[in-house]
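Subject: Structure handover and notes

Dear colleague,

Here is the structure that I promised to pass on to you. Please open the sequence and the coordinates side by side before you read further.

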Amino acid sequence: MRGVFEPRYTVLLDNKVRRGQPGYEVLTPLKLTAADYVLVNRGWIAAPARRDVLPEVRTPPGPVSIEGVALERLPRVLERDGGAGKVRQTLDIAAYAAETGLRLQPRIIEQHS
């Protein structure tokens with residue numbers, strides 16, 4: 001897919017552990033056309049030592065090309081409500097689209113490139 005990332009709408013999914021280290025999955029909308037977006041799971045980032053500090057997520061400016069796998073939804077954790085704000089437990093695409101006003105495609109791209 002080709003588009004431009006919208007970093008102001010980036011969400012961090014909490015409680016993602018890699019090799020024993022806590023961190024987050026980074027989700028950022030990719031603007032495909034003037035009005036269409038798709039959420040991209042850009043991968044994992046380590047959590048800072050302090051939980052009240054968020055990691056710095058670098059986002060490339062301008063047009064990008066990404067490769068990945070389309071998923072219908074994110075895997076669900078054992079929680080009914082994913083929360084709100086920048087850090088969440090999970091994310092429902094339709095609810096996030098309504099919250100942000102973005103016209104999101106009904107899938108998430110798990111970025112591999």
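Predicted model: local features only at pLDDT ≥ 70, side-chain atom pairs only at ≥ 80, totals over all residues.

Residues are numbered from 1 along each chain as its sequence is written, and side-chain values use heavy atoms, with hydrogens and water left out.

To begin with the overall fold, the chain has 1 helix and 8 strands, where helices (H or I, at least four residues) and strands (E, at least two) are DSSP runs numbered from the N terminus. Read from the N terminus, the elements follow the order β-β-β-β-β-β-β-α-β. The radius of gyration, taken over C-alpha atoms, is 14 Å, close to the 13 Å that the globule rule gives for 113 residues, so the chain is as compact as a globular protein of that length; the rule itself is 2.2 Å times the number of residues to the power 0.38. Along the principal axes, the C-alpha atoms fill a box of roughly 40 × 30 × 25 Å. Of the 113 residues, 37% count as buried, where buried means under 20% relative accessible area, exposed means over 50%, and partly exposed lies in between (1.4 Å probe, protein chains only). If contact is taken as heavy atoms within 4.5 Å, then 60% of the contacts between residues at least 6 apart in sequence join residues at least 24 apart.

Turning to the strands, two of them are said to pair if DSSP finds at least two bridges between them. Strand 1 (2-5) pairs with strand 5 (residues 63-65) in the antiparallel sense over 3 bridges, and there Arg2 stands opposite Ser65. Strand 1 is also joined to strand 3 by 2 bridges, again antiparallel, with Leu30 of strand 3 as the bridge partner of Phe5. Strand 2 (11-18) runs antiparallel to strand 3 (residues 21-31), to which 6 bridges join it, and parallel to strand 7 (residues 87-88), to which 2 bridges join it. Leu13 has a bridge partner in each of these neighbours, namely Glu25 in strand 3 and Arg88 in strand 7.

The interior comes next. A nonpolar core is here a set of buried Ala, Val, Leu, Ile, Met, Phe, Trp, Tyr and Cys residues joined through side-chain atoms within 4.5 Å. The largest such core has 14 residues, and those with the most contacts inside it are Leu13, Leu39, Leu74, Leu91, Tyr96 and Leu104. Strand 2, strand 4 (36-46), helix 1 (93-100) and strand 8 (103-111) each supply at least two residues of this core, and the largest share, 3 residues, comes from helix 1. Leaving aside neighbours within four places in sequence, Leu39 is in contact with Thr28, Pro29, Leu91, Ile93, Tyr96, Leu104, Arg107, Ile108 and Ile109. A second, separate core of 7 residues includes Phe5, Leu30, Val40 and Val64. Phe5 also has Arg42 lying over its face, at 4.8 Å from the ring centre; a charge is counted as over a ring if NZ of Lys or CZ of Arg is within 6 Å of the ring centre and within 35 degrees of the ring normal.

Two loop residues are buried. Glu6, in the loop between strand 1 and strand 2, counts as buried at 12% relative accessibility, and beyond its neighbours within four places in sequence it is in contact with Thr28, Pro29, Lys31 and Tyr37. Leu102, in the loop between helix 1 and strand 8, counts as buried at 9%. Not counting residues up to four places away in sequence, Leu102 touches Tyr9, Pro29, Tyr37 and Ala97, and its C-alpha atom is separated by 9.6 Å from that of Tyr9, 93 residues apart along the chain.

Lastly, the backbone. Most residues other than glycine have a negative phi. Arg19 takes a positive phi near 50 degrees in the hairpin of strand 2 and strand 3, which has 2 residues between the strands, and Arg19 is exposed, with a relative accessible area of 90%.

With best wishes
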